[in-house]
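Subject: A structure for you to explore

Hello,

Here is the structure I promised to pass on to you. Please open it beside this email, and then read on for what turned up in it.

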Amino acid sequence: MLTRNCLSLLLWVLFDGGLLTPLQPQPQQTLATEPRENVIHLPGQRSHFQRVKRGWVWNQFFVLEEYMGSEPQYVGKLHSDLDKGEGTVKYTLSGDGAGTVFTIDETTGDIHAIRSLDREEKPFYTLRAQAVDIETRKPLEPESEFIIKVQDINDNEPKFLDGPYIASVPEMSPVGAYVLQVKATDADDPTYGNSARVVYSILQGQPYFSIDPKTGVIRTALPNMDREVKEQYQVLIQAKDMGGQLGGLAGTTIVNITLTDVNDNPPRFPKSIFHLKVPESSPIGSAIGRIRAVDPDFGQNAEIEYSIVPGDGGNLFDIVTDENTQEGVLKLKKPLDFETKKAYTFKVEASNLHLDHRFHSAGPFKDTATVKISVLDVDEPPVFSKPLYTMEVYEDTPVGTIIGAVTAQDLDVGSSAVRYFIDWKSDGDSYFTIDATEGTISTSELLDRESTAQYNFSIIASKVSNPLLTSRVNILINVLDVNEFPPEISVPYETAVCENAKPGQIIQIVSAADRDLSPAGQQFSFKLSPEAAIKPNFTVRDFRNNTAGIETRRNGYSRRQQELYFLPVVIEDSSYPVQSSTNTMTIRVCRCDSDGTILSCNVEAIFLPVGLSTGALIAILLCIVILLAIVVLYVALRRQKKKDTLMTSKEDIRDNVIHYDDEGGGEEDTQAFDIGALRNPKVMEDNKIRRDIKPDSLCLPRQRPPVEDNADIRDFINQRLQENDVDPTAPPYDSLVTYAYEGNGSVADSLSSMESLTMEADQDYTYLTDWGPPFKVLADMFGEEESYNTDKVT
């Protein structure tokens with residue numbers, strides 16, 4: 001506040017002489033030693049002897065910003081040459097802030113600022129002034145324009161618009177290494193005084209860093225700053241205006257500086273010897289231990305590569321780097337055996353992958369340590385002497401024959417006895433047995449190579465002291481062949497010979513097959529059987545390469561004399577014991593052309609006329625077949641027509657008989673014309689004479705009207721009845737047979753009126769109630785009728 005008041009007083013003294021600001025261009029006269037007037041003369045009519053005003057000529061006013069006085073701040077004065085001081089001139093003001101920021105005395109022309117102004121908000125105001133006649137309101141002079149500038153004071157401190165800052169610099173950098181440049185902004189007028197001239201300084205962060213006071217560039221101030229000692233630095237920067245002088249305003253910001261890592265530290269093992277214990281049963285490729293070298297660097301500068309220095313046992317182990325923990329993982333390359341070797345010693349080297357050439361002079365960036373591995377004894381299963389056992393046995397070997405043996409040992413310190421047994425899940429468990437103590441394998445069934453040529457199964461060995469510890473080995477048994485099957489001719493068994501064949505002609509090449517497993521170099525021999533060797537029509541020529549040829553011995557063959565020839569061929573093998581077989585080949589005589597191409601082998605072709613082609617024969621046969629088909633069809637149609645006429649006549653007569661006389665076959669006759677159900681079983685059994693049962697004449701209570709006598713029908717029935725009586729085997733077409741048997745099976749017995757009482761009144765219907773609910777209504781009806789008749793008689 002003191003500074004602001006001092007500046008206001010200084011400006012008031014400087015401008016107290018007044019300012020002349022004509023709005024129209026005039027010759028500017030400057031005299032530094034004369035006082036100035038804060039008056040603007042408006043142009044107008046002047047006398048011939050007008051006095052020239054003294055002082056500078058101005059076209060603008062100045063007003064202090066942030067004025068805090070109790071009275072309005074005086075800005076300047078407007079005055080017209082036509083104003084004689086008689087109160088006839090009126091001054092008006094218009095433009096920026098007229099009436100709200102600036103006011104004018106209409107009589108005197110004095111201008112005042114009625115509120116505090118901020119240059120940073122608006123640096124100047126453009127206004128227009130005019131002098132008018134107070135009575136006529138007419139302008140005395142044309143309107144003039146002038147500017148009021150807001151004079152700046154130091155009321156804004158420097159500000160870091162981009163702060164706080166984050167920067168980094170590599171560790172071990174030399175003095176003066178560039179870190180970052182900061183910049184502060186001052187809102188005051190940079191063209192007036194030192195209000196906006198900023199100077200930078202470090203308030204916190206020395207002696208590690210320094211800053212250029214004019215540019216704001218931050219640099220390192222100490223050499224060899226080590227990230228491993230201190231990584232983060234917080235620097236406080238100040239920016240002060242007025243050139244850093246006393247009374248200037250200041251602003252601060254924070255710069256966070258991080259030292260980035262460089263590979264300036266080698267890896268180091270925390271101890272010189274590492275002791276590891278590994279069981280001898282550890283599988284190959286498994287991790288058996290971890291060692292670690294410490295590198296204080298960060299990121300890729302701390303990446304370590306481990307290697308085994310060649311030495312005692314180093315070839316049994318391998319080491320790789322864990323990328324996450326940078327540890328060295330030891331892995332097993334070969335199996336361990338406590339009984340063979342109990343301890344191993346070797347060296348491991350750790351080195352950096354990414355080296356910095358600037359620090360080579362500091363020494364090698366690697367370190368070594370000794371690793372001692374102790375092998376722990378583990379109770380292990382027995383070990384077979386071979387990884388695979390292969391054995392051979394001849395087929396048909398007697399049961400119980402020993403064909404081989406397996407051996408397994410317990411290699412632990414306190415060795416235990418071993419027991420053997422066959423894995424029951426394998427295929428060989430039923431054909432072979434093993435001695436549990438000796439390990440000998442013998443057959444338990446007869447073997448057949450042609451059925452199974454090879455057996456593959458497993459044998460398990462276990463320790464007596466710990467039966468759970470077992471080992472397994474595969475057994476491969478090959479069944480050797482015994483020559484038990486004779487050789488046979490391979491297909492074909494049938495061949496052909498032309499009628500015009502010549503002696504010594506090979507008509508067929510034959511070979512042999514043997515179901516036995518023939519050894520390499522086995523030979524088959526071919527020859528005729530002894531009985532066929534006498535005057536043979538054909539012979540066998542052995543080519544000595546397991547094939548033979550069928551050779552003709554005659555000059556031409558005739559199909560009319562003999563169509564087929566049977567040639568017995570004897571084949572022997574060369575194995576021990578020798579096996580032989582006689583195979584009969586069929587040789588058919590065929591008609592061939594001059595080139596030997598077979599034309600026909602059918603015997604029917606011999607009797608056909610000579611000179612008739614095959615196409616003509618086919619045409620003749622086709623015509624014969626068509627004629628036969630027409631004749632058969634014609635005969636069938638005639639028969640069908642005749643049969644239909646006869647059946648129609650018979651059915652008409654039978655229908656009339658059934659219509660008048662057929663009463664059906666009883667309750668079991670479910671089909672209307674099931675004549676078999678109406679037939680008397682006794683008649684069928686006797687099958688000799690017919691025994692028709694003539695019904696007794698009954699006196700029926702209800703009589704039908706007599707049927708008119710027809711002599712033709714009566715004669716026809718009697719005639720047919722006599723014919724059937726004479727023929728006992730004829731079926732009962734006559735419906736009169738139905739009176740002989742009516743069927744059986746009704747729970748109510750017979751309901752026919754033929755066995756009923758002569759008088760309806762003499763019948764007792766009370767038994768109907770015993771037949772069950774289906775006859776209840778009928779029993780009630782007849783019971784009522786009987787009661788009615790009784791009452792009537794009474």
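First, some ground rules. This is a predicted model, in which local features need pLDDT of at least 70, side-chain atom pairs count only at pLDDT 80 or more, and totals for chains, interfaces and linings use all residues. Residues are numbered from 1 along each chain as its sequence is written, and side-chain values use heavy atoms, with hydrogens and water left out.

Let's begin with charge. Side chains of opposite charge can pair when their charged atoms come close. A salt bridge here is a side-chain nitrogen of Lys or Arg within 4 Å of a carboxyl oxygen of Asp or Glu. By this rule the model holds 20 salt bridges.

One of them joins Glu231 to Arg227, at 3.8 Å from N to O. To describe how covered a residue is, we call it buried under 20% relative accessible area, exposed over 50%, and partly exposed in between (1.4 Å probe, protein chains only). Arg227 is buried at 11%, whereas Glu231 is partly exposed at 34%.

Another salt bridge, between Glu450 and Arg449, has an N to O distance of 3.1 Å. Here Glu450 is partly exposed at 28%, while Arg449 is buried at 11%.

Glu494 and Arg588 also form a salt bridge, at 3.5 Å from N to O. This pair links distant parts of the chain, 94 residues apart: Glu494 sits in strand 33 (residues 494–498) and Arg588 in strand 39 (residues 580–592). Strands (E, at least two residues) are DSSP runs, numbered from the N terminus. Both partners are partly exposed, Glu494 at 42% and Arg588 at 25%. Elsewhere, salt bridges that share partners join Arg227, Glu228, Glu231 and Asp261 into one network.

Now for the strands. How many of the ten residues in strand 7 are buried? The count is seven, so strand 7 (residues 124–133) is mostly covered, given the under-20% cut-off. Two strands pair if DSSP finds at least two bridges between them. Strand 7 pairs in the antiparallel sense with strand 4 (residues 89–95) over seven bridges, and Gly95 has Leu127 of strand 7 as its bridge partner. Strand 7 also pairs with strand 8 (residues 144–151), again antiparallel, over six bridges. There, Tyr125 stands opposite Ile148 of strand 8.

Finally, look for Lys271 in the loop between strand 15 (250–260) and strand 16 (273–279). Lys271 is partly exposed at 47%.

Happy exploring!

Terms used
Helix = DSSP H or I, 4+ residues; strand = E, 2+ residues; numbered from the N terminus.
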